[in-house]
Amino acid sequence: MDNFAHIIGLSLGVSLCATALETLVGLSLGAALAVYDFPGRRGLVVLANAFFGLPPVTVGLALYLLLSRSGPLGIFGLLFTPGAMTLAQAALATPIVTALAHRAVEDAWRQYGGALMIDGASRLRAIPHLLAMERILILTATLAGFGRTISEVGAILIVGGNIAGYTRTMTTAIVLETSKGNLTLALGLGLVLIGISITVSAAIFALGGGQRS
């Protein structure tokens, strides 16, 4: 039971840290793409939406090369640590948060941007107000990012190493225990993961329904 609880706790800790990072980066990028007009802006919007389906193992491999001892970021010693797993999850979910935030802020900017500018707000100062106006959609984007991180396995397996008691999460433990034939632990972790995923999906659906009403 101690091992079971530790795996769940590590999974939630890493995913929550990744969610905080991807939300900070994603909201900033999404809002900037919605409010500012600059060359290449449309291409970046298309890219953010295209990255919805980034292959996790490819992201994991790229981060592995960056964080390995011979890589440019090897000096930080992050490979095979929870920090590397957090970066991997954040890299996969940031495009989702960016794209959803962009759509929400773009609609708000189209409706209220002119009034905010007339009242003396700069584009930068208008962003917090726009995010507040679309807080339901912003929360939905954050939950979608968390749902992406908590279910990740490929990338974190590569950069985390699935080390017992250190970098073993629910998804990587399920893969390992299933291969070992330890189906009791695998099923238990799977049920917890399904419960979290259903809760997040239900929250997204409820928030979306509230926004439409």
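On a 1 Å grid over the protein atoms alone, a cavity is a set of points where a 1.4 Å probe fits but cannot get out. Grid points are joined across faces, edges and corners, and a volume is the space filled by probe spheres set on the points.

The model is a predicted one, in which local features need pLDDT of at least 70, side-chain atom pairs count only at pLDDT 80 or more, and totals for chains, interfaces and linings use all residues. Residues are numbered from 1 along each chain as its sequence is written, and side-chain values use heavy atoms, with hydrogens and water left out.

Let us start with the overall picture. The protein has nine helices and zero strands, where helices (H or I, at least four residues) and strands (E, at least two) are DSSP runs numbered from the N terminus. Its C-alpha trace spans about 65 × 45 × 25 Å along the principal axes. Of its 213 residues, 43% count as buried, meaning under 20% relative accessible area, while exposed is over 50% and partly exposed lies in between (1.4 Å probe, protein chains only). Contact means heavy atoms within 4.5 Å; among contacts with a separation of 6 or more, 74% join residues 24 or more positions apart.

Now step inside. A nonpolar core is a set of buried Ala, Val, Leu, Ile, Met, Phe, Trp, Tyr and Cys residues joined through side-chain atoms within 4.5 Å. The largest one here has 14 residues, and Ile150, Met170, Leu189 and Ile196 touch the most other members. At least two residues of this core come from each of α1 (2-35), α6 (135-150), α8 (170-180) and α9 (183-212), with α9 giving the largest share, six residues. Beyond its neighbours within four places in sequence, Ile196 is in contact with Leu12, Phe146, Ile150 and Met170. Apart from this core lies another, of 13 residues, including Leu63, Leu67, Leu92 and Ile156.

Where is empty space left? Rolling a probe the size of a water molecule over the atoms shows this. The whole structure holds one cavity of 30 Å³ or more, and the largest cavity contains about 50 Å³ of space. Among the residues lining this cavity are Ile150 and Met170, along with Ser11, Gln89 and Glu152; lining residues have an atom within 4 Å of a point. The helices α1, α6 and α8 each supply at least two residues of that lining. By class, the cavity lining has three nonpolar, six polar and one charged residues. Here Ala, Val, Leu, Ile, Met, Phe, Trp, Tyr, Cys and Pro count as nonpolar, Asp, Glu, Lys and Arg as charged, and the others, Gly among them, as polar.

A pocket, by contrast, is an open set with protein on both sides within 12 Å along at least five of seven lines. The largest pocket has a volume of about 180 Å³, and its lining includes Leu29, Phe38, Phe51, Thr94 and Pro95. Two or more lining residues come from each of α1, α2 (41-50) and α4 (82-118). This lining has nine nonpolar, two polar and no charged residues.

Our last stop is Tyr166, in the loop between α7 (154-160) and α8. Is Tyr166 buried or partly exposed? Tyr166 counts as partly exposed because its relative accessibility is 38%. Beyond neighbours within four places in sequence, Tyr166 is in contact with His6, Leu10, Phe80, Thr81 and Pro82.
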